[in-house]
Amino acid sequence: MGLFSKFKRKSTDKPATDPMPKLEYKGGTKYASNESVDAYIDFEELGGYPYVKTVLLGLFSVRTKKSGCNLTFVFENGEEIILDSDNTQVESDRVNKTKIYFTPIDFEITEEALATIKKNNVAKVVFKFKRETLELAKI
């Protein structure tokens, strides 16, 4: 099973010249979105430690070598939780024969922060890279 075998083209009513093909990603839970990117976010556990598994899928492409990424969960009451990526290197991969990019990023999280995210209403999530910021509304 290849990396992109989780993708399946979704039929649309738009003409064949649509610049952004619609893809259905079955490797995660669609959590947030904006006009050009969908964020799939799942809360996982590995070796007894929680972490946040994310995938950005859309017209957004990034490549960082040393700075990694921060993920901010912004709650409806204005409070925030900021998480740091596990890896300082983040790189997008282009999905074959499309203009869509696939960007996987994992984040460290504490049990306390995880409980706060699950308990409160998240309004948006913000991915912050060295030179770019990507804001997505919670679905």
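What is the volume of the second largest pocket? The second largest pocket has a volume of about 170 Å³, in a model that is predicted. Local features in this model need pLDDT of at least 70, side-chain atom pairs count only at pLDDT 80 or more, and totals for chains, interfaces and linings use all residues. Residues are numbered from 1 along each chain as its sequence is written, and side-chain values use heavy atoms, with hydrogens and water left out.

**Second largest pocket**

- The lining consists of Val62, Arg63, Thr64, Lys65, Lys66, Ser67, Phe129, Lys130, Arg131 and Glu132; a pocket is an open set of points on a 1 Å grid where a 1.4 Å probe fits, with protein on both sides within 12 Å along at least five of seven lines, and lining residues have an atom within 4 Å of a point.
- Six of these lining residues are charged, two are polar and two are nonpolar, where Asp, Glu, Lys and Arg count as charged, Ala, Val, Leu, Ile, Met, Phe, Trp, Tyr, Cys and Pro as nonpolar, and the others as polar.

**Aromatic pairs**

- Seven aromatic pairs are found in the whole structure (ring centres within 6.5 Å; planes under 30 degrees apart are stacked, over 60 edge-to-face, the rest tilted).
- Phe60 and Phe129 form a tilted pair, with 5.5 Å centre to centre and 35° between the planes.
- Phe60 lies in the loop between strand 5 (49–58) and strand 6 (63–64) and Phe129 in the loop between strand 12 (122–128) and strand 13 (133–138), so this pair ties together parts 69 residues apart in sequence; strands are DSSP runs of E, at least two residues, numbered from the N terminus.
- Both Phe60 and Phe129 are buried (under 20% relative accessible area with a 1.4 Å probe, protein chains only; exposed is over 50%, partly exposed in between).
- The rings of Phe107 and Phe127 are also tilted, with centres 6.2 Å apart and planes at 55°.
- This pair links Phe107 in strand 11 to Phe127 in strand 12, 20 residues apart, and both residues are buried.
- Tyr25, Tyr40 and Phe102 are linked by ring pairs into a cluster.

**Asp86 and Phe107**

- Asp86 lies in the loop between strand 8 (80–84) and strand 9 (90–91) and, at 41% relative accessibility, is partly exposed.
- Although 21 residues separate Asp86 and Phe107 along the chain, their C-alpha atoms are 5.1 Å apart.
- Beyond its neighbours within four places in sequence, Asp86 is in contact with Asp106, Phe107 and Glu108 (heavy atoms within 4.5 Å).

**Lys97**

- Lys97, in the loop between strand 10 (93–94) and strand 11 (101–108), has a positive phi near 60° although the residue is not glycine.
- Lys97 counts as exposed, at 82% relative accessibility.

How values were computed: Helix = DSSP H or I, 4+ residues; strand = E, 2+ residues; numbered from the N terminus. Points joined across faces, edges and corners; volume = space filled by probe spheres on them. Phe/Tyr/Trp six-rings, centres within 6.5 Å; stacked < 30°, edge-to-face > 60°.
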